[in-house]
Amino acid sequence: MVHILAMPHVPLSEAKGRLAELVRRAEAGEEVVVTRNGHEVVELVRRRPRLSREEKVQLIRKLQKAAQAKLPPDFDAARSQDFLYGDDGLPG
């Protein structure tokens with residue numbers, strides 16, 4: 001059995017009076033779609049905090065280490081595509 005959670009659709013005319021409530025729902029992780037004349041025009045979603053430059057650098061280094069740990073110790077990037085070429089150095 002599959003459960004599909006639908007985002008609530010709120011007409012703009014109704015959203016004007018319920019903005020604080022809709023923002024609270026978005027902060028809680030719910031996605032709210034505002035419509036105008038039955039057409040989706042805006043989606044309210046929770047905003048993720050921005051990382052500082054130092055936090056970004058730390059995250060990149062952490063990901064690089066994790067990626068390197070997956071490589072075999074004798075991995076040579078310069079030779080990793082050799083299987084695509086024949087003994088004469090041509091594709092084949």
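Author: Start with the term. A salt bridge is a side-chain nitrogen of Lys or Arg within 4 Å of a carboxyl oxygen of Asp or Glu. Keep in mind that the model is predicted.

Reader: What makes the contact of Arg18 and Glu14 a salt bridge?

Author: Their side chains meet at 2.2 Å, N to O. The cut-off is within 4 Å, so the pair counts as a salt bridge.

Reader: Why is Arg18 called partly exposed?

Author: Its relative accessibility is 22%. Buried means under 20% and exposed means over 50%, so Arg18 falls in between. Glu14 has a relative accessible area of 37%, so Glu14 is partly exposed too.

Reader: How do you know that Glu21 forms a salt bridge with Arg18?

Author: The closest N and O atoms are 2.9 Å apart. That is within 4 Å, so the label holds. Glu21 is partly exposed, because its relative accessibility is 30%.

Reader: What makes Arg25 and Glu21 a salt bridge?

Author: The N to O value is 3.3 Å, so this pair also meets the 4 Å cut-off. Both residues lie in helix H2, residues 19-27. They are 4 residues apart there, which means a separation of about one helical turn. Arg25 has 23% relative accessibility, so Arg25 is partly exposed.

Reader: How many salt bridges does the structure hold?

Author: It holds 4 salt bridges.

Reader: Which residues are linked in a network of salt bridges?

Author: Glu14, Arg18, Glu21, Arg25 and Glu30 are linked.

Definitions and conventions
Residues numbered from 1 in each chain as written. Predicted model: local features only at pLDDT ≥ 70, side-chain atom pairs only at ≥ 80, totals over all residues. Heavy atoms only, no water. Buried < 20%, exposed > 50% of the residue type's maximum accessible area, 1.4 Å probe, protein only. Helix = DSSP H or I, 4+ residues; strand = E, 2+ residues; numbered from the N terminus.
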